[in-house]
Amino acid sequence: YLHKLEGKKIGFLGLTYKPGTSTLRCSSAVRLAREFKKTGAICLAYDPEADENELKQYLNLVKRLKSPQDLASQADILVLVTEWPEFTSLDYKSLAKKMTRPVLIDAKNFLDGQKIAASGFIYQGYGRKAINQTPCGQAIGV
């Protein structure tokens, strides 16, 4: 969706290795941030419970933001990495409006793709066909 990752801002929804914990050990988001950094991408994240002290060792990889709204307004793309229950009830319509090209990749197939697409996002579930995308790859209505 971004073609070239250098200089792009990847926004992670979730940093912890699983919901209900504050630890980043074995975190998929940390592993992804390492790979994205190699391409020159900038990683941003929102997580409701990630431990601030533990996060200090990853400051060179990812910048934590205070809210999903802050994340959407700064990211070029969103990637859901941790299945926090509160992520199902975010105001995705509002988040989509904050983005230049609203794309959400759901790495866990956790969200209702139809609902997210109806909010204005291109929704891409892991291993699934994208929703709300024209054949040329542009978001419908954007």
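Asparagine 109 sits in the loop between strand S5 (103-106) and H5. Helices (H or I, at least four residues) and strands (E, at least two) are DSSP runs, numbered from the N terminus. The phi of asparagine 109 is near 50 degrees, a positive value in a residue other than glycine. Most residues other than glycine have a negative phi. Asparagine 109 is partly exposed, at a relative accessible area of 25%. Buried means under 20% relative accessible area, exposed over 50%, and partly exposed in between (1.4 Å probe, protein chains only).

This is a predicted model: local features need pLDDT of at least 70, side-chain atom pairs count only at pLDDT 80 or more, and totals for chains, interfaces and linings use all residues. Residues are numbered from 1 along each chain as its sequence is written, and side-chain values use heavy atoms, with hydrogens and water left out.

Cysteine 26 also has a positive phi, of about 65 degrees, although it is not a glycine. Cysteine 26 lies in the loop between S1 and H1. It is exposed, with a relative accessible area of 65%.

Stay in that loop. Serine 27 is found there, between S1 and H1. Serine 27 is buried, at 2% relative accessible area. Its side chain makes polar contacts (pairs of N or O atoms within 3.5 Å; within protein, one must be able to donate a hydrogen and the other to accept it, and residues adjacent in sequence count only if both atoms are side-chain atoms). The side chain of serine 27 reaches the backbone oxygen of leucine 15 at 2.5 Å. A polar atom of that side chain also lies 3.2 Å from the backbone nitrogen of valine 30. Setting aside neighbours within four places in sequence, serine 27 is in contact (heavy atoms within 4.5 Å) with Leu15, Thr16 and Tyr17.

Leucine 24 lies in the loop between S1 and H1 too. Leucine 24 counts as buried, at 1% relative accessibility. What does it touch, neighbours within four places in sequence left aside? Leucine 24 is in contact with Leu15, Thr16, Val30, Ala50, Asp51, Glu54, Leu55 and Tyr58. Glutamate 54 is 30 residues from leucine 24 along the chain, and their C-alpha atoms are separated by 7.1 Å.

Now the strands. Two strands pair if DSSP finds at least two bridges between them. Strand S1 (residues 9-13) runs parallel to S2, and five bridges join them. Phenylalanine 12 has alanine 45 in S2 as its bridge partner. From S1 the chain crosses through helix H1 (residues 28-38) to S2, and this β-α-β crossover is right-handed. The term right-handed applies if, with the strands pointing away from the viewer, the path from the first strand over the helix to the second runs clockwise. S2 is also joined to strand S3 (residues 62-64), by three bridges, and these strands run parallel. Here cysteine 43 has valine 62 in S3 as its bridge partner. Strand S2 (residues 42-46) is mostly covered, with four of its five residues buried.

Next, charge pairs. Side chains of opposite charge can pair when their charged atoms come close. A salt bridge is a side-chain nitrogen of Lys or Arg within 4 Å of a carboxyl oxygen of Asp or Glu. The count comes to two salt bridges. Glutamate 35 pairs with lysine 38, the closest N and O atoms being 3.2 Å apart. Glutamate 35 and lysine 38 are three residues apart in helix H1, so they are separated by about one helical turn. Glutamate 35 is partly exposed at 46% relative accessibility, and lysine 38 is exposed at 65%.

The other salt bridge joins the side chains of arginine 64 and glutamate 52 (2.4 Å, N to O). This pair links distant parts of the chain: arginine 64 is in strand S3 and glutamate 52 in helix H2 (residues 52-55), 12 residues apart. Arginine 64 is partly exposed, at 22% relative accessible area. Glutamate 52 is partly exposed too, at 47%.

Last, the rings. The structure holds three aromatic pairs. Rings of Phe, Tyr and Trp (its six-membered ring) pair if their centres lie within 6.5 Å; planes under 30 degrees apart count as stacked, over 60 as edge-to-face and the rest as tilted. One of the pairs is tyrosine 46 with phenylalanine 87: the centres are 6.2 Å apart and the planes at 55 degrees, so the pair is tilted. Tyrosine 46 is in strand S2, and phenylalanine 87 is in the loop between strand S4 (77-80) and helix H4 (92-98), 41 residues apart. Both are buried.
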